[in-house]
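Me: I would like a close look at the packing inside this model. Please go through it contact by contact, and give the cut-offs for each term as it comes up.

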Amino acid sequence: DEGARRVVEIGAEVLPGLGERPMFVSGSGSGDVVLSSVEILALNHYRVREGWEKGLHAEGASLGCLFGLLMWDVIFAGGIADVFRTKYQAGPLDFGTDEFYGNRMELVDSRLREIETADCETLRCMIGSTWDTHYGQQCVCLNWDLFPDGKQDAQDLACCVGGFVLSNICGRLARDYRHCRGGVPDLTLWSPSRNDCKFVEVKSPTDRLSTKQVLWIDFLTSHGASRSVQGKNVGRSLLVLL
C-alpha cells in the first residue's frame with residue numbers, strides 16, 4: 001500500500017530511445033544539464049535538497065558489508081565440519097543455506113546480542129578491528145571498495161544505523177542470506193552530523209515494488225520505528241519520478 005509509505009516526487013524529463021531503462025534529464029547547481037539513471041537522480045536529490053552527506057546506490061551491498069564486518073569471526077568460525085575445504089574460500093560452504101545459522105546458533109545469537117547493546121564507539125571498534133585485521137581478504141558478502149572513504153564510512157554508517165537495527169538486520173541475513181540479499185532498498189543514506197540514516201527504494205512511474213522489496217521495507221520500518229536507537233529511527237521512502 002503506497003499510501004502508507006512516504007512518497008517523494010521529483011520532477012525530471014525522461015529522455016526517450018535509450019533502451020529499456022529510462023534516463024532522466026535534470027539541471028545541476030552550476031547550470032549544466034545532467035543525464036542520469038533514476039537512482040542517481042534520487043541520490044543527488046537527497047544529497048543536495050535534504051542534506052544527507054553520504055549516500056550509495058548499492059542495494060544490498062551496504063548491508064552485506066556491515067554484516068561481513070560485524071560477523072567476520074562467526075562466518076569464518078572453525079570447528080564446524082566440512083565447511084572449509086581450502087584456505088582460499090571466500091566463505092564456508094554452508095553460507096546462504098539453512099545450515100549456516102543452525103551450525104553456529106550460539107555464536108550468531110551471542111554476536112547479535114553484542115551488536116544490539118553496542119553504543120557508537122563499540123560499533124566503531126568492532127568495524128575497525130575487522131577492517132584493520134582482514135582488509136583485502138576475500139569474504140563472500142563484503143566488498144572492500146564499496147565505501148569511498150573506506151573504514152570511516154563503514155564506521156559512520158554503523159553508528160547512524162544503530163545497534164538495535166543492525167542486530168536485527170544481521171540476524172535476518174544470518175538466518176537466510178540467500179533469499180534476503182535481494183530486495184534491499186536501492187539507496188543507503190547517512191548523515192554523521194545528524195547521526196541518522198535512511199533507506200530509500202527508488203521507482204520510476206511505471207515500476208512496482210516486488211515482494212522482496214516490500215518485505216525489506218516493512219522489516220526496516222518496523223524494527224527502526226518500533227524502538228528508538230539513540231534518539232533516531234530508520235526511515236523509508238518510495239520515491240516516484242514524474
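Reply: A contact here means heavy atoms within 4.5 Å. Among contacts in the chain between residues at least 6 apart in sequence, 70% join residues at least 24 apart. The model is predicted, with local features needing pLDDT of at least 70 and side-chain atom pairs counting only at pLDDT 80 or more, while totals for chains, interfaces and linings use all residues. Residues are numbered from 1 along each chain as its sequence is written, and side-chain values use heavy atoms, leaving out hydrogens and water.

The chain contains 9 helices and 8 strands; these are DSSP runs numbered from the N terminus, helices being H or I of at least four residues and strands E of at least two. Of its 242 residues, 50% are buried. Buried means under 20% relative accessible area, exposed over 50%, and partly exposed in between, with a 1.4 Å probe and protein chains only.

Take the helix pairs next. Two packed helices are described by the angle between their axes and the distance between the axes. Axes are lines fitted to C-alpha atoms, for helices over the stretch in contact, and angles run from 0 to 180 degrees between N-to-C directions. Helix H2 (residues 61–70) packs on helix H6 (residues 120–134) at about 85°, the axes being 8 Å apart. H2 and H6 are therefore roughly perpendicular; that word covers 65 to 115 degrees, with under 35 counted as roughly parallel, over 145 as roughly antiparallel and the rest as oblique. H2 contributes Leu66, Gly68, Leu69 and Leu70 to the contact, and H6 contributes Leu123, Met126, Ile127, Thr130 and Trp131. These residues divide into 7 nonpolar, 2 polar and no charged. Ala, Val, Leu, Ile, Met, Phe, Trp, Tyr, Cys and Pro count as nonpolar, Asp, Glu, Lys and Arg as charged, and the others, Gly among them, as polar.

Leu146 lies in the loop between H6 and helix H7 (150–161). With 16% relative accessibility, Leu146 counts as buried. Leaving aside residues up to four places away in sequence, Leu146 touches Leu56, Ala58, Ala61, Ser62 and Cys65. Leu56 is 90 residues from Leu146 in sequence, yet their C-alpha atoms are 8.6 Å apart.

From H5, the contact includes Val108, Leu112 and Ile115; from H8, it includes Phe164, Leu166 and Ala174.

The whole structure has 12 aromatic pairs. Rings of Phe, Tyr and Trp (its six-membered ring) pair if their centres lie within 6.5 Å, and planes under 30 degrees apart count as stacked, over 60 as edge-to-face and the rest as tilted. Trp72 and Phe76 form a tilted pair, 4.8 Å centre to centre with 35° between the planes. Trp72 is buried at 6% relative accessible area, whereas Phe76 is partly exposed at 23%. Trp216 and Phe219 form an edge-to-face pair, 5.5 Å centre to centre with 85° between the planes. Both sit in helix H9 (residues 211–225), 3 residues apart, about one turn of the helix, and both are buried. Ring pairs also link Trp72, Phe76, Phe84, Trp131, Tyr135 and Trp144 into a cluster; Trp131 is one of the H6 residues in the contact with H2.
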